[in-house]
Amino acid sequence: MNRHLISSADLTRADAVRILDTADELARISDRPIKKLPTLRGRTVVNLFYEDSTRTRISFEAAAKRLSADVINFSAKGSSVAKGESLKDTALTLEAMGADAVVIRHSASGAPHRLAEWVRGSVLNAGDGSHEHPTQALLDAFTIRRRFGRDSGSAAAAESGGGLDGLRVTIVGDILHSRVARSNVWLLHTLGADVTLVAPPTLLPLAVGTWPCSVSYDLDAALPKSDVVMMLRVQRERMSAAYFPSVREYSRRYGLDAARVAQLPERAIVMHPGPMNRGVEIAAGVADSPRSTVVEQVANGVSVRMAVLYLLLGGAEERA
Amino acid sequence: MNGQGSATGAPGSAWVIRGAQPLGGPATDIVIADGCIAAMGPHAAADAGPGAQVLEAAGLIALPGLVDLHAHLREPGREDAETVETGSSAAALGGFTAVHAMANTDPVADTAGVVEQIWRLGWQAGHCDVQPVGAVTLGLAGQQLAELGAMADSQARVRVFSDDGRCVADPVLMRRALEYVKAFDGIIAQHAQEPRLTQGAQMHEGEVSGRLGLTGWPAVAEEAIIARDCLLAAHVGSALHICHVSSAGSVEIIRWAKSKGWRVTAEVTPHHLMLTDELVVGYDPVYKVNPPLRTRDDVAALRAALADGTIDCVATDHAPHPVEAKESEWDEAAFGMTGLETALRVTHAAMVETGLLDWPALADRMSARPAAIGRMVGHGHPLTAGSPANLVLYDPSVREVVDPASHASRSANSPFAGMVLPGRVVSTFLRGRPTVLDGKLA
């Protein structure tokens, strides 16, 4: 594995399976009354968040703490960043404090690439602009594995090699601006799944035809052929930029309601990275149905992030 | 012949350049006196006066002094990035004897006072002729015409007008500007970028931008403005120049406009002749430029267009920025690349080494054509007796790594840093006076 986790495109299939298998083991520990492991004692993990994202930050914080790491939360608001400090100067500050890993969330695509040039510790991308969100994709893959009985130790895992071969995953919504979509396309493809993107043409990248997936404008045609439907959050401000005429029209054409869920195969699951716009891309009844994995995804996020921290930092020697 | 004062190298001194190869042709001597080429020929050195300084130039190609239609010298206002002194030094070291200074300074070069200040700073620095470009609209705001006539009549003799950095997007304003400058043989140099199609744009819209999650800058935003402005220029019978053409589609439109006999000219930058959007994958803002680096197919089309004359000339779009403007996230970083000190070498690599241009044609694209488009009467002359002695001696045989730290530009944002490029500018002469000798400022 690389020293950093910046793009899920950097992960080989072996890397990805190892992370997911490790997460399976760590998840079993989470079921114990005492959840803490001593693995990262004395190591420092910095959460450097330039965007508000309480759920992702808390997830990384919980993961690091369960591995006994020291956690420093560095929020851009009310800090030196708000006074105009550059990313580089912040990076050098964290470096001087001896950060072993920096978890960065930033509104600019590529910010983790830049950070990795300025710090010696590992950089974990917790979402950069419209680029990637690799731990979200890993927790999604982890959730799919579990729901389809392909997690480590399962009978199917031996056959599938821990991958998602043959599973059909349909990702629906604002692909153009979605880091979750990008990370999932690369990772799920690497793990052997067949990915289909569904969106209005305005919300697909111009050259999406070069991606390792299928593309459709028609949700109803895609649903009967989907084992997994992943709904992405659509932001209302996209409407003012003419990506679609109205929220209601978007919802009619690309929202997942009970009637559309009825078109899904029996075992199919419904995913959402959150936060959801109930009534827009997903109906409340669908979000709360047994097919929905929304709450599991949150729980699985901690296990997957523990696995990533463990694998990136656990094997590394103490730095001089 | 004037041999007096030659030992000091003062203006008006005489020089004999021995054994240089004009436009890559047979070796010959070039005798310079009183700011002009006095004689040329295999034995012309004999004609020089006894006090003439001798420069051995065996193996060096002699080219007419290069002319840049498009550079950002940043003064007044951003002297931390560049000054007229450092920028014109960089120009001379790159083989230029004249450079156009773009108008997007602070204050903007939109009055006779500012353009005269820039012109005077250039004259005082003395490294090359600095020809200010005047803004088309007041403050580059795209609302109201600047006093184009006052700038034309000023000591700076402005003929090229541009809001470069911004597009004159309003079609009525563009039409009026094109019409108005006919009164003094002016030309409007358009930065072709449809603003609504490029809101928040970060890089070429294509396969790479989709993968990297960076907002796309579609080629059609350039092409739509070029098409519109060619039609406007034809309609009012005026002269239009297109800055930094970057796409294959733009080339097609310009080719079509020229076939109609319309007065349309165009430039391409060295970086658009060499680099592609694939370089953005590491998010290093040294590759962030406007218009953006595009695809391999665009590079091929631009090279072919420069070779067949559809694109008239090379212009650097030299855009220096201080370190902190590039040492940041991609979105935050400034657009632009330095180029004066690498332009000839890059064009050599992209056009001559590939067999697309020979040295006479390169001289046309980097000296004669830009001088004609910029109405620079003292520049772009052929290397013949009687011409002003503006010339550059270039060693095509060496290959060296580009090191911005060694550049005279105050900024180091060169996308060619670390690349091995052919050639070295050995000497530059401005009206008979060396501005560069042995690769150093004279």
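## Domains of chain B

Chain B comprises two domains: domain 1 covers 6-62 + 390-402 + 423-437, and domain 2 covers 65-373. The model described here is predicted. In chain B, the C-alpha centres of domain 1 and domain 2 are 30 Å apart.

The contact between these domains involves 15 residues of domain 1 of chain B and 17 residues of domain 2 of chain B. On the side of domain 1 of chain B that touches domain 2 of chain B, two or more residues come from each of strand 16 (391-401), strand 17 (420-430) and strand 18 (433-437) of chain B. By class, this side of domain 1 of chain B has ten nonpolar and five polar residues, with no charged residues.

## Parallel sheet of chain B

Chain B holds an open sheet of three strands, in the order 6-7-8 and with parallel pairing. Strand 6 (66-71) and strand 8 (129-132) of chain B each have a single partner strand, so one side of each has no neighbour in the sheet. On average, neighbouring strands of this sheet are turned by 20° against each other, direction ignored.

Strand 7 (residues 96-101) of chain B is joined to strand 8 of chain B by four bridges, and the two strands run parallel. Opposite His100(B) stands Gln131(B), a residue of strand 8 of chain B. Helix 11 (residues 359-373) of chain B lies across strand 6 and strand 7 of chain B, and runs at about 55° to strand 6 of chain B.

## Domains of chain A

Chain A is likewise divided into two domains, with domain 1 at 8-131 + 299-314 and domain 2 at 134-294. Taken over C-alpha atoms, the centres of domain 1 of chain A and domain 2 of chain A are separated by 25 Å. To their contact, domain 1 of chain A gives 24 residues and domain 2 of chain A gives 25 residues.

On the side of domain 1 of chain A that touches domain 2 of chain A, helix 1 (13-30), strand 4 (122-128) and helix 13 (294-314) of chain A each supply at least two residues. Helix 1 of chain A provides the largest share of this side, eight residues. The side of domain 1 of chain A that touches domain 2 of chain A consists of ten nonpolar, eight polar and six charged residues.

## Parallel sheet of chain A

The open sheet of chain A is formed by four strands in the order 2-1-3-4, with parallel pairing. Strand 2 (70-75) and strand 4 of chain A are the edge strands, each pairing on one side only. From one strand to the next, the twist averages 15°.

Six bridges connect strand 1 (residues 44-49) of chain A with strand 2 of chain A, and these strands run parallel. Leu48(A) has Phe74(A) in strand 2 of chain A as its bridge partner. Helix 4 of chain A packs on the sheet and touches strand 3 (101-106) and strand 4 of chain A. The direction of helix 4 of chain A makes about 165° with that of strand 4 of chain A.

## Contact between the chains

Between the chains, 20 residues of chain A are in contact with 17 residues of chain B. Helix 3 (87-96), helix 4 (111-118) and helix 7 (179-190) of chain A each supply at least two residues of the side of chain A that touches chain B. Helix 4 of chain A, which also packs on the sheet of chain A, gives the most to this side, with three residues. The side of chain A that touches chain B has seven nonpolar, nine polar and four charged residues.

Conventions. Residues are numbered from 1 along each chain as its sequence is written. Chains are lettered from A and ligands numbered from 1 in the order in which they are written. This is a predicted model: local features need pLDDT of at least 70, side-chain atom pairs count only at pLDDT 80 or more; totals for chains, interfaces and linings use all residues. Domain bounds come from an automatic or database domain assignment. Two residues are in contact if their C-beta atoms, placed from the backbone, lie within 7 Å. Ala, Val, Leu, Ile, Met, Phe, Trp, Tyr, Cys and Pro count as nonpolar, Asp, Glu, Lys and Arg as charged, and the others, Gly among them, as polar. Two strands pair if DSSP finds at least two bridges between them. Axes are lines fitted to C-alpha atoms, for helices over the stretch in contact, and angles run from 0 to 180 degrees between N-to-C directions.
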